[in-house]
Amino acid sequence: MSYSPIIQKTIEYIEKNLHEELSLESIAQFARFSKYHYHRIFQKEVGVTVSEYIRYRRIANSANMLLYTDEKIIDIAFYYRFETQESFTRSFKKYYHLPPGQYRKIIGKLTLQREEIVLKNEQLLKGWKLSGSHPFNYQMGIDRENFHKGRASGFLKSFTVQSQGEFATMMQGFKAEKYLGKRLKLSGFLKSKDVDGFCGFWMRVDDAFHDILQFDNMSDRPIVGNTEWNHYHIVLDVPKNSAVIAFGVLLSGNGQVWIDELKFEEVDKQTPTTNIDFSADLLDEPTNLSFEEWE
């Protein structure tokens with residue numbers, strides 16, 4: 001059984017209620033699971049406990065408010081359900097290694113300087129490249145205002161797209177040799193805005209002749225329209241004759257997608273793959289060659 005839709009539904013619930021009282025019991029009840037079972041499946045799917053997820057998302061949103069609003073620190077702390085400013089400061093320092101006041105003063109100045117640099121040079125996104133059918137109609141970059149954790153996220157957005165048939169991808173690739181014969185899971189967080197085509201993660205495993213061995217682009221579970229941060233994954237086998245693993249985020253048509261906290265991990269064979277099996281569409285033999293048959 002895949003728990004991903006349940007996890008996504010409850011993450012959506014959490015994201016909408018970060019400023020409200022949230023407990024494992026209430027979230028498990030929303031998901032219609034016992035709190036013990038829900039705790040296990042959430043940690044397995046997302047990689048952290050429910051309480052840790054809520055804590056770092058509140059802190060990330062707090063960091064955003066510190067940099068982009070004039071709200072008092074104590075008001076931010078109370079808004080995100082911290083009992084005292086001291087408890088907020090302790091939690092904040094755990095993630096950002098600075099107390100909130102110093103973070104606002106020091107990182108705020110650095111952020112402005114970095115944004116000026118990015119405006120002058122759009123090639124600062126280390127490791128990533130822009131590709132697709134019409135990459136010149138899209139932009140990719142770093143967003144320090146919208147992020148899921150830490151201080152920044154990557155984004156891909158349209159700016160001169162003419163139709164939904166156009167697409168671009170923000171991607172990279174690496175050698176497959178360390179993962180030969182294994183099952184590999186790519187997971188991370190995505191957020192979308194005004195997507196009129198679709199967006200999602202994609203991953204492809206090729207052999208040395210550039211033939212596709214495994215592939216998934218989430219076309220059977222597309223992200224459309226406006227969505228808040230949520231958790232998505234792709235699972236593919238890496239056959240023994242694999243040479244390259246490529247991956248990234250895809251945007252078809254107009255809109256914008258943000259990407260953050262990607263990770264790769266080996267999973268066991270009990271974890272189902274999401275590979276799109278193109279051979280399933282092939283017929284066993286030619287049919288209706290005289291065009292006399294119809295549905």
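Reader: Which residue of S8 stands opposite Asp207?

Author: Ser242 stands opposite Asp207. The strands concerned, S5 and S8 (residues 242–252), pair in the antiparallel sense over ten bridges. Two strands count as paired if DSSP finds at least two bridges between them. Strands are DSSP runs of E with at least two residues, helices are runs of H or I with at least four, and both are numbered from the N terminus.

Reader: Before we go on, what kind of model is this, and how are residues numbered?

Author: It is a predicted model, in which local features need pLDDT of at least 70 and side-chain atom pairs count only at pLDDT 80 or more, while totals for chains, interfaces and linings use all residues. Residues are numbered from 1 along each chain as its sequence is written, and side-chain values use heavy atoms, with hydrogens and water left out.

Reader: What is the average pLDDT of the protein chain?

Author: The chain averages 90, and 92% of the residues score at least 70. The score is the predictor's confidence in each residue, from 0 to 100.

Reader: Where is the pLDDT below 50?

Author: Over residues 115–122. Beyond near neighbours in sequence, that stretch has five contacts in the model; a contact means heavy atoms within 4.5 Å.

Reader: Why is S5 largely enclosed?

Author: Because 21 of its 26 residues, 182–207, are buried. Buried means under 20% relative accessible area, exposed over 50%, and partly exposed in between (1.4 Å probe, protein chains only).

Reader: What happens between S5 and S6?

Author: They form a hairpin with four residues between them. His210, in the turn, has a positive phi of about 70° although it is not a glycine. His210 is exposed, at 66% relative accessible area.

Reader: New topic: is Gln256 buried or exposed?

Author: Gln256 counts as buried, because its relative accessibility is 14%. Gln256 is in strand S9 (residues 256–267).

Reader: Which residues is Gln256 in contact with, leaving aside neighbours within four places in sequence?

Author: Among them are Lys191, Ser192, Lys193 and Val195. The list also includes Phe155, Leu156 and Lys157.

Reader: How about S4: which strands is it joined to?

Author: S4 (residues 167–175) is joined to S1 (residues 129–132) by four bridges and to S8 by nine, running antiparallel in both cases. Ser131 has Thr169 as its bridge partner, and Phe167 stands opposite Ser252.

Reader: What is the volume of the largest pocket?

Author: About 640 Å³. On a 1 Å grid over the protein atoms alone, a pocket is an open set of points where a 1.4 Å probe fits, with protein on both sides within 12 Å along at least five of seven lines; lining residues have an atom within 4 Å of a point. Points are joined across faces, edges and corners, and the volume is the space filled by probe spheres set on them.

Reader: How many residues line the largest pocket, and which lie nearest its centre?

Author: It is lined by 28 residues, with Ser2, Tyr3, Ser4, Glu45 and His233 nearest the centre. Helix H1 (4–16), helix H3 (35–46), S7 and S9 each give two or more residues, and S7 gives the most, six.

Reader: And what are the overall dimensions of the chain?

Author: Its C-alpha atoms fill a box of roughly 75 × 50 × 40 Å along the principal axes. The chain has seven helices and nine strands, and 44% of its 295 residues are buried.
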